[in-house]
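This briefing covers selected features of a predicted model.

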Amino acid sequence: MLNAGLGAGIRSRSVLLTSPTARVVQRPISSSSHRQFSTSSPFKSTSTVTSSTKPNPSRLQKYLRRTAYLSLGLGACYLADKQYNASSIARNFRTLWTCALITLDYKLNFTEEKSEQIPELHERVAQLVYDLFTKNGGLYIKIGQAFAANSSLLPKPMQVKFSRLFDDAPQIPYSQVDYVFRSEFGRPPSGPDGVFEIFEEEAVASASIAQVHRAKLWPKPGEKEGAWVAVKIQKPDVAKQMEWDLGAYRAVMWMFEHWAFDLPVYFVVDFVSDHLRRELDFLLEAQNAKMTAAFVRSEPQLRDSVHIPKVYDEYTTKRVMTAEWIDGVRLSDREGVLKLMGERPSFTTPTVVPDIVASAPPTISESEPVTVVPSLSPTPALTSSLAPSHDPPPTKFTFPPNPLKGGVKSIMQTMVELFSAQMFTYGMIHCDPHPGNIIIRPNPSHPEKPQLVLLDHGLYVQVDDEFRREWSTLWKGLLMADFSVVEKTAKNWGVGLPDLFASVALQRPTRLARRQKNRKKQEEDEKRMKQQLQEWMNMSQYEQSVRMKAKLKEFLTDTDRMPKALIFLIRNMRIVQGNNQSFGSPVNRIKVTGFWASRALSENRTLSFSQRIGEYVQHLRFLFFMTSIDLAFSYNQWKNLVLEKTERWIGWWIGWKGRPVSFEQELERNMRGMMQGGLGIKVGEGAFDG
């Protein structure tokens, strides 16, 4: 029986092994039972023996293989991101990694025990942020410049690093320019069927988001030749990177407010992001330019002294903008401006341009682009080193045989009046008035007088009538040191510390007058200021930083009510101040600005007749009050003139040299003292240079 059963089992096993389906059923049998069974059977499965004797791969080989697959996948993603997404993902990863390092560094090292190492901490963080902005480029440069224009209260290393962020970038290849033109116009830039008769392939200016080329229009019927124009072209990668960059900016500001620094900074994200998006739409820029030109023509005090380049709508799209070509001297070229006006540097003219209005690095290598600011009208200095393929008309500016009338003072007067009129009367404010965007040329209608040409109308802020009225009223209160007016407006806008608010707005030290304050109370305030200054000097680095943080939080009490336009308005005024200071402050900027604020209130047509009469009376009172500021300015100018004459005519005999400072420099020095002594906020030299 046993043999018969064994034989039947063997036959059954043989049948199973010969069936294809049986092999599939057999494989799940464990290797141990299979080996035990096969020892008693003369039949063996070749496939089974082979699989059982094959060696298993080692753990190291598995890890190496997986690492190789992961590397290939990441490499493919990197190449796809670079080729089709303008490296947006890689840029975001770099941003988040840098911010994580900054947050960790502050969490670990910003402690009372490491107080003496806090300056080194600020140095490391400033370098990390600077490297991030310069490596990513594009909108990061714009964001960095926004920080730089409002960096007065940041640590000194950050002020220094942000001031070195210049908006220069290598130009894109001509093939990409051709691609943009074919996408926007369906035609190449030049050629028999081109948009322009002549189009210079080499850019005359290149920046982070756009570059400028020189071109010549086709002549219209009845014209012998077309006009030369400046063509601003948006770089293709910018549009791809924009939303990624703004998303990273939003995430970083949220992290800094909730995790890293506990400061109210996120409230500006939506406002800043919206205006950066608008700056990339050249149709909006063209609209801003045309509206500003119309406003200038309607203002008698500006129509002859200010010019806005004409925009050619038929050659303007969302990514391409064409405007008339302007030859002249940029305001950033101080030597050229002084030569044009027949002047020499005064003793109050700073030897170094304030950082806020510096438009170029100290040195530029031959391999770098010769310009740093995107504009619609490059000056001769920007085009003289180019070697165009065509034979265009000469672009080197020819100085007139005689200096223009009015001197540098007339130029600064026009500049301050233009931006004051925009703020208080027009409500459309150019927020990037750095000297690279201003050209000075002989007035075509009156060649003996200068004319200011305003360029780059991409970054504008529009404010409504109610805000302009409040802003004008605030400025009158600021200049008259009326505490009640400033306090009321500050509370409505969710801003604390009225004295600090007044000082930041005016860019000069301001102690507002409280009503019913006797002399004894004033002496107590002065004594308290001196005591606070002494306490500040005795504090450690950690204690000073904590106090500054508390004061800033006290200043921004309700960010939801704060008008976001203030960010750009203060930026505008600081740059205008820097422009004036770079030429030795020939104009009383505060008086001119205050005059336009008071005038806007007196000419408000929404008021009743009696209200307008009241405002006119207030305007006359304000003008009388402003005489005190004008006297202080005149005294400063007279003092500097005396020092200058003394050194030039007498001082060299005894080796004495005076040390005059301009009106703006005197305000800056007093401003730093007031901020540190009265408010416990320490700012470095040059923090209020604009």
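Beyond its neighbours within four places in sequence, Phe-501 is in contact with Leu-474, Val-486, Ala-490, Trp-493, Val-495, Gly-496, Phe-555 and Leu-566.

- In soluble globular proteins, nonpolar side chains tend to be buried together.

**Helix pair H7 and H21**

- The axes of helix H7 (residues 118-136) and helix H21 (residues 541-555) come within 9 Å and cross at roughly 60°.
- Helix H7 is therefore oblique to helix H21.
- On the H7 side, Ile-118, Pro-119 and His-122 take part in the contact, and they meet Gln-541, Tyr-542 and Ser-545 in H21.
- Classified by residue type, the contact of H7 with H21 holds 3 nonpolar, 3 polar and no charged residues.

**Sheet**

- Four strands form an open sheet in the order S5-S10-S9-S7, and the pairing is mixed.
- Strand S5 (306-307) and strand S7 (329-330) are the edge strands, each pairing on one side only.
- Strand S9 (residues 438-442) pairs with strand S10 (residues 450-454) in the antiparallel sense over 5 bridges.
- Within this pair of strands, Pro-442 stands opposite Pro-450 in S10.

Methods: Residues are numbered from 1 along each chain as its sequence is written. This is a predicted model: local features need pLDDT of at least 70, side-chain atom pairs count only at pLDDT 80 or more; totals for chains, interfaces and linings use all residues. Side-chain values use heavy atoms; hydrogens and water are left out. Two strands pair if DSSP finds at least two bridges between them. Helices (H or I, at least four residues) and strands (E, at least two) are DSSP runs, numbered from the N terminus. Axes are lines fitted to C-alpha atoms, for helices over the stretch in contact, and angles run from 0 to 180 degrees between N-to-C directions. Angles under 35 degrees count as roughly parallel, over 145 as roughly antiparallel, 65 to 115 as roughly perpendicular and the rest as oblique. Contact means heavy atoms within 4.5 Å. Ala, Val, Leu, Ile, Met, Phe, Trp, Tyr, Cys and Pro count as nonpolar, Asp, Glu, Lys and Arg as charged, and the others, Gly among them, as polar.
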